[in-house]
Amino acid sequence: MQLEEKVAIVTGASRGIGAAIAQQFCEEGADVMLCSRSEASVAVVAEALAEKGLSAKYTQADVSQKNDVEALVDLTLKAFSRIDILVNNAGITRDTLLMRMKDEDWESVLHANLTGTMYCSRAVLRTMMRQKSGRIINVSSVIGLMGNAGQANYAASKAGIIGLTKSLAKEIGSRNITVNAIAPGFITTDMTADFSEADQERIRAMIPLATFGTPEDVAELALFLASDASRYITGQSIQVDGGMVM
């Protein structure tokens, strides 16, 4: 198993990509701490894993709140004594055209998506630096690379994550800690389930592979970046988008 004796935190683990990454990590032998803003929702994921013979701990944590993040890291250390992998997956959207966007819609998305990624990354650094090893995996988006009408706040937050990834990779590479970003394209999740059939067809026409990805497609890359197989890869943003952006 690729992650045996490793300890991972996965944020935004109550559904979609986060839940798929959590399952993949558990299957590969990691001890996993799941978190979400909703404890009830993330408990359902932990129960589903248990039904498959897998085990994970979980807690409520809003990554946009520094105190929640610090409590999450403390709880993980108390449970497992170390942290080897952090997956910054939690994120929100508040879509509207910029001219109509309220200040709070801009601020909430930037704070949850970008500042939350910073809070979580900063909180695990002392432990990883002491261990002289670690993997930080940030979930960005192709929207951060190409932009999208009605998503200026989301695009800015996801582009910021890529800049944060590259800067942090340069800061801590000498401590044997890698920092990489995953930029998913259109993935079949609760977010895309609301698209009309016409919208889905329009988007598929933009994708060379002509289909949406799955959360498991993203989880496979997360597993690679978390494993020893990626030891010489850092500061990269890797797209999982069927060739949509190239």
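Start with helix H9 and colour its buried residues: Pro215, Val218, Ala219, Leu221, Ala222, Leu223, Leu225 and Ala226. Buried here means under 20% relative accessible area with a 1.4 Å probe, protein chains only, and helices (H or I, at least four residues) and strands (E, at least two) are DSSP runs numbered from the N terminus. A quick note: this is a predicted model, where local features need pLDDT of at least 70, side-chain atom pairs count only at pLDDT 80 or more, and totals for chains, interfaces and linings use all residues. Residues are numbered from 1 along each chain as its sequence is written, and side-chain values use heavy atoms, with hydrogens and water left out.

Now show what covers those buried H9 residues: the cover includes H1, S4, S5 (134–139), S6 (177–184) and S7 (237–240).

Next, hop to strand S4 (residues 85–88) and pick Asn88. Its relative accessibility is 3%, so Asn88 counts as buried. Show side chains and you'll find a polar contact of 3.1 Å between Asn88 and Ser121; that term means a pair of N or O atoms within 3.5 Å, and within protein one must be able to donate a hydrogen and the other to accept it, while residues adjacent in sequence count only if both atoms are side-chain atoms. Beyond four places in sequence, Asn88 also has contacts (heavy atoms within 4.5 Å) that include Thr11, Cys120 and Ile137.

Last stop: helix H1 (16–27), helix H2 (39–51) and helix H9 (215–226) each supply at least two residues of the lining of the second largest pocket.

Note on methods: Buried < 20%, exposed > 50% of the residue type's maximum accessible area, 1.4 Å probe, protein only.
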